[in-house]
Amino acid sequence: MHHVCDLWELKPRLFYSFRSPNSPSLASILHDVKELKSLHQIHANVITSGLQQNVFLSNRLLNACFSCGDSTTAEEIFRRMTYKNVVSWTIMVNGYWKHGCPFNSVNAFREMVSAGVLPNSVTIASILPACCDLGLPTAGRLVHSYMIVREMGCLIQGTLIHAHVIKYGFEKSSHVATLLMDMYGKCGNVEDASQVFDLSPCKDVVSWSTILSIFADLGHGHEAVELFNEMMAAGLPFDSVSLMEYLSLCSRLGALSQGKCLHGLMTKIGLETDTPVGTALIDMYAKCGNLSSARSFFNQMDIKDVICWNAMITGCGINGCGDEAIGLFWQMNSLGFQPNNSTFLSILSACSHAGLVKHGLQIFEHMTNETTLVPDMQHFACLIDLLARAGHLRAAYQLVKSLSLEQDVGVLGALLGACKIYGEIAFGAEIARKFFELDLSDAGYYVLLSNWYAGLKDWNRVEMVQDLLRLKGLKKEPGCSMIDIDGSFHAFVFEDTY
């Protein structure tokens, strides 16, 4: 196939002879345009040929502009169009969102509705992701009143779009229903997401996965497990992608019984030898605390990749089996597998949690001297945590200062926690002062500070920290544990009795 520029040279008369709106020639060339220079040449010839009011061609031009990253020209073409159909508006809505302008996308949708143009299912599918992007709440932004208003506005916009979905009958589309659920979920509105799911006439694997993830992400683990059991009873068809998603969900929820059901399903449909699915199964067993099943399945796998080895090393680390994790690390090296950044992050974390300082330093030295990998801040944070947990606080803090990590609350939190364990009062007080220089938005760090001062019986500072918590409107959520008893989940919070 000729390049677009070659087509321009070979067929110069095409742009002057093209007069019929039904002719596909120019539209076909626009479909293949990938460079701005060619696009601008074609645009100029469309204008000189008097075809700029051909809505079909104008829509193709709009689409080509966004594909080439030229939203400015797209806006100019759109503004000059005397007639805009639903496709024209949808291209603008979708184009803005894909180029990181969700506000513009929502505004284009509002103008479209104000102009009396009825959105179709493609329009709805284009605008909902923009609402999702604008509805993502973060703890730091919630303290800023402008961001609160903005996020509330996005939820309102999403609700108005939902009204259009119902009004024009798009609620029967499984794809649109899934996007609506995702929008409500990212705005923190689990009730409306659940209602959309319940009313959806066609529930496929994607819609089930979406609603289950929403329940899990928003702290409704018990309901997620119950819904998971309903999904399994419904007998939905599974493929490798959906199995990995649901195994990941079981990992997050600690739903061992449900994970075992998926293991049985893997065997039944012949996916037990699929390496990515097997890796997800290992991760699930390890994160649910059943390390022996994870290791057993790992050992029987015929084909392993680096990601699979990483999952097993991580599993050993989070279950406190640092020596086993180290053994796996050197074993994978001896078998010719090249560790990546994630491998070293997993093994350093395992050494840190097990207090294996000598081994951790040896592995870090191996990374820097024996591989081409360059440690990043996460690796150094693991190394600092490793030194702090083992009581080498001064060495850890020297590393913090040399790497300019004195503004990293995670690193400072690890140091302060270690100071409490090892009774380093003076050094701990120095770290605690660093916290007051930061604008913290996580209530957990304020609780850590409060507990530190309470241990010193410094009640004035305890009260000061608690006043800061109240002033910022932060609240530490109570710890919650979930246990699996005969396939049923039971949640417990602090001071509950059973």
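## Salt bridges

The side chains of E324 and R295 form a salt bridge, with 2.6 Å from N to O. This pair links distant parts of the chain, since E324 belongs to helix 21 (residues 322-334) and R295 to helix 19 (residues 291-300), 29 residues apart. A salt bridge here is a side-chain nitrogen of Lys or Arg within 4 Å of a carboxyl oxygen of Asp or Glu. Helices (H or I, at least four residues) and strands (E, at least two) are DSSP runs, numbered from the N terminus. The model is predicted: local features need pLDDT of at least 70, side-chain atom pairs count only at pLDDT 80 or more, and totals for chains, interfaces and linings use all residues. Residues are numbered from 1 along each chain as its sequence is written, and side-chain values use heavy atoms, with hydrogens and water left out.

Seven salt bridges are found in a search of the whole structure. One of them joins D385 to R389, where the closest N and O atoms are 2.7 Å apart. Both D385 and R389 sit in helix 24 (residues 377-389), with a spacing of four residues, about one turn of the helix. Another pairs R461 with D458, and here the closest N and O atoms are 3.4 Å apart.

## Exposure of the paired residues

Residues are classed by relative accessible area: buried means under 20%, exposed over 50%, and partly exposed in between (1.4 Å probe, protein chains only). E324 counts as partly exposed because its relative accessible area is 29%.

## Negative surface patch

D198, E223, E226 and E230 gather on the surface in a patch of negative charge. Patches are made of residues with over 30% relative accessible area and no salt bridge; like charges are joined within 9 Å, and nonpolar side chains (Val, Leu, Ile, Met, Phe, Trp, Tyr) within 5 Å. Lys and Arg count as positive and Asp and Glu as negative, while His and the chain ends are not counted. The place of a charge is taken as NZ of Lys, CZ of Arg, CG of Asp or CD of Glu.

Helix 15 (residues 221-234) gives the most to this patch, with three residues. E230 lies in helix 15, and its relative accessible area of 49% makes it partly exposed.

H263 is part of helix 17 (residues 256-268). H263 counts as buried because its relative accessible area is 17%. Leaving aside residues up to four places away in sequence, H263 touches E272, L281, Y285 and F297. Contact means heavy atoms within 4.5 Å.

H366 lies in helix 23 (residues 357-370) and is buried, at 17% relative accessibility. With residues up to four places away in sequence again not counted, H366 touches F329, W330, N333, F344 and T371. For one of these, F344, the C-alpha atom is 9.8 Å from that of H366, and the two residues are 22 apart along the chain.

## Two loop residues

K457 is located in the loop between helix 28 (443-455) and helix 29 (459-471). K457 has a phi near 60°, a positive value in a residue other than glycine. Most residues other than glycine have a negative phi. K457 is exposed, at 62% relative accessibility.

D70 occupies the loop between helix 5 (55-67) and helix 6 (71-80). D70 counts as buried because its relative accessible area is 11%.

## Whole-chain totals

The secondary structure of the protein comprises 29 helices and two strands. Of its 498 residues, 45% count as buried. Among contacts between residues at least 6 apart in sequence, 59% join residues at least 24 apart.

The accessible surface comes to about 25300 Å², and 54% of it belongs to carbon and sulfur atoms. Accessible areas come from the Shrake-Rupley method with a 1.4 Å probe; for residues, only the protein chains shown count as cover.
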